[in-house]
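Open the structure in your viewer and keep the selection panel at hand. Each stop below says what to select and what is there.

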Amino acid sequence: MQLLDISWFTDSMREGRPVAVETRHHIQDISPTLPEGTTPTPVAAVSQYACQRLTTIENNNKVFTDAFEVLAESYEFSENEGACLAFRRAASVLKSLPRAVRHLGAVRVLPCLGEHAKKVMEEVLECGCSFEVVKICSDEKYQTLKLFTSVFGVGTKTAEKWYCKGLRSFREIIAEPCIRLNRMQQSGFLHHGDISRAVSRAEARALGSIIDEAARGITPDAMLTLTGGFRRGKEFGHDVDFLLTTAELGKENGLLINVIDRLRQQGILLYSSDLQPASSSTFDVNELPCRRRTFSVMDRFPKCFLILRLDGSRVEEGGSGLQRGEEEEEEGDGTGRGWRAVRVDLVSPPKDRYAFALLGWTGSRQFLRDMRTFARRERHMLLDNHGLYDKTKEEFLAAQTEKDIFAHLGLDYIEPWHRNA
Ligand code: CTP
Ligand code: MN
Ligand code: MN
């Protein structure tokens with residue numbers, strides 16, 4: 001038995017028969033006013049899969065999701081992947097709710113909320129905070145690992161290693177003679193102040209026009225698309241993600257490396273990760289989409305992690321983080337010099353894989369994670385950033401657009417701004 005929105009009834013009346021249940025027929029607004037102690041009827045109102053929920057950038061349950069994020073991160077540091085994902089999933093469900101949860105009765109019907117998560121929510125509701133979360137936040141190890149992993153190029157493992165050596169600050173790391181920073185980490189430390197500051201949409205747009213100009217100078221049919229959080233409607237991001245392709249299949253070969261060369265010639269390339277070896281840049285159609293749930297599945301398209309120099313003069317009025325007046329100040333953190341460093345991700349898929357790459361790089365991470373799980377569990381298909389494979393039919397399913405991919409999976413199409421799971 002399912003409890004549905006009245007739109008299912010009116011659609012059925014119009015069709016003259018009971019129509020198939022779609023996402024929009026599900027009740028998004030679960031009864032948060034239910035009094036404590038009453039048992040609600042079990043309803044299939046909220047899907048366990050983020051790819052069947054609508055999640056805007058507006059989060060009505062930030063008090064809970066912030067607490068869950070601390071727990072998830074702390075489990076990530078201790079390499080407890082299961083518990084980490086469980087809290088990320090729980091946070092994602094709460095983010096999809098159209099209202100703030102005001103008492104525990106309201107979450108009883110929600111999927112993905114385990115006992116631990118509910119206990120945290122109960123404390124937040126009763127005391128305004130979770131004692132477990134407060135304790136983690138004041139923990140020296142947690143704070144140190146959070147600080148170290150905030151550096152571009154420093155992952156959990158490296159942070160842990162440095163912590164175990166007794167290091168607690170950037171100053172100590174830099175001064176430690178036995179630590180050899182790689183190129184990425186050196187840039188990470190050098191530009192840490194700048195790249196820790198959020199990137200605005202105006203700054204993203206300015207970078208887009210710079211990269212677009214460079215790409216069109218190489219091949220006039222180059223196409224650049226803004227993806228990542230900005231495509232989902234976020235006004236700020238930790239980086240800017242772009243897809244670079246060409247109208248004609250095959251012309252994208254070598255494009256990325258040439259674009260990066262141009263940026264270097266312009267003197268705005270502060271850092272660029274090594275490009276893929278040429279052999280791995282051609283996608284092998286006979287290779288199955290990766291079964292792994294991690295995000296390393298992307299490494300077969302040419303891609304590059306960059307740090308670019310963005311001059312304030314390139315950014316539209318009012319949109320720059322470099323406010324007028326601040327320019328005279330000697331800050332030492334970038335605000336006084338009229339330019340800033342920005343993290344940019346550039347991926348260059350061939351045109352026939354574009355829809356898959358666009359979907360994958362638009363995210364969110366959780367949305368895509370659930371979409372892949374849904375494909376595998378519910379449809380016997382394998383999805384990744386390169387393609388979709390139907391295990392029953394034993395064939396790849398082609399897609400020109402994101403809509404085609406949703407359709408292959410039998411999912412209602414969800415707009416990018418509803419994918420903020
Ligand atoms: N992604 C991927 N493979 C990677 C890195 C990222 O497929 N190696 C995808 C993820 O699906 C992610 C998207 O690219 O959702 C964008 O990644 P990221 O920039 O880390 O996250 P955003 O959602 O853009 O968040 P922010 O605005 O903070 O940058
Ligand atoms: Mn991003
Ligand atoms: Mn990114």
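**Stop 1: ligand 1 and its shell**

Select ligand 1: 16 residues surround it, and the closest are Gly229, His238, Asp239, Gly360 and Asn385. A residue is near a molecule if one of its heavy atoms lies within 4 Å of it. Before going on, note that this is a predicted model, in which local features need pLDDT of at least 70, side-chain atom pairs count only at pLDDT 80 or more, and totals for chains, interfaces and linings use all residues. Residues are numbered from 1 along each chain as its sequence is written, chains are lettered from A and ligands numbered from 1 in the order in which they are written, and side-chain values use heavy atoms, with hydrogens and water left out.

Now color the shell by class. There are three nonpolar, eight polar and five charged residues. Here Ala, Val, Leu, Ile, Met, Phe, Trp, Tyr, Cys and Pro count as nonpolar, Asp, Glu, Lys and Arg as charged, and the others, Gly among them, as polar.

Color by domain next. Domain 3 (199-288 + 296-353) and domain 4 (357-418) each give at least three residues to the shell. The bounds come from an automatic or database domain assignment.

**Stop 2**

Which side chains place an N or O atom 2.9 Å from an oxygen atom of ligand 1? Select Lys234, then Asn385. Move on to Arg365: a polar backbone atom there is 3.3 Å from a ligand 1 oxygen. A polar contact is a pair of N or O atoms within 3.5 Å.

Show the surface. Ligand 1 alone exposes 590 Å², and the protein buries 84% of that (Shrake-Rupley method, 1.4 Å probe). Helix H12 (228-231) and helix H14 (354-362) are the elements that give two or more residues to the shell.

**Stop 2: the manganese pair**

Select ligand 3, a manganese ion. Its donors are Asp239 (OD), Asp241 (OD) and Asp345 (OD), at 2.1 to 2.2 Å. Donors are N, O and S atoms within 2.8 Å of the metal (3.2 Å for Na, K and Ca); water is not among the atoms, so sites may look incomplete. Along the chain the spacing reads D-x1-D-x103-D. Asp241 lies in strand E4 (residues 240-246) and Asp345 in strand E7 (residues 339-347), so this pair ties together parts 104 residues apart in sequence. Helices (H or I, at least four residues) and strands (E, at least two) are DSSP runs, numbered from the N terminus.

Note on methods
A polar contact is a pair of N or O atoms within 3.5 Å; within protein, one must be able to donate a hydrogen and the other to accept it, and residues adjacent in sequence count only if both atoms are side-chain atoms.
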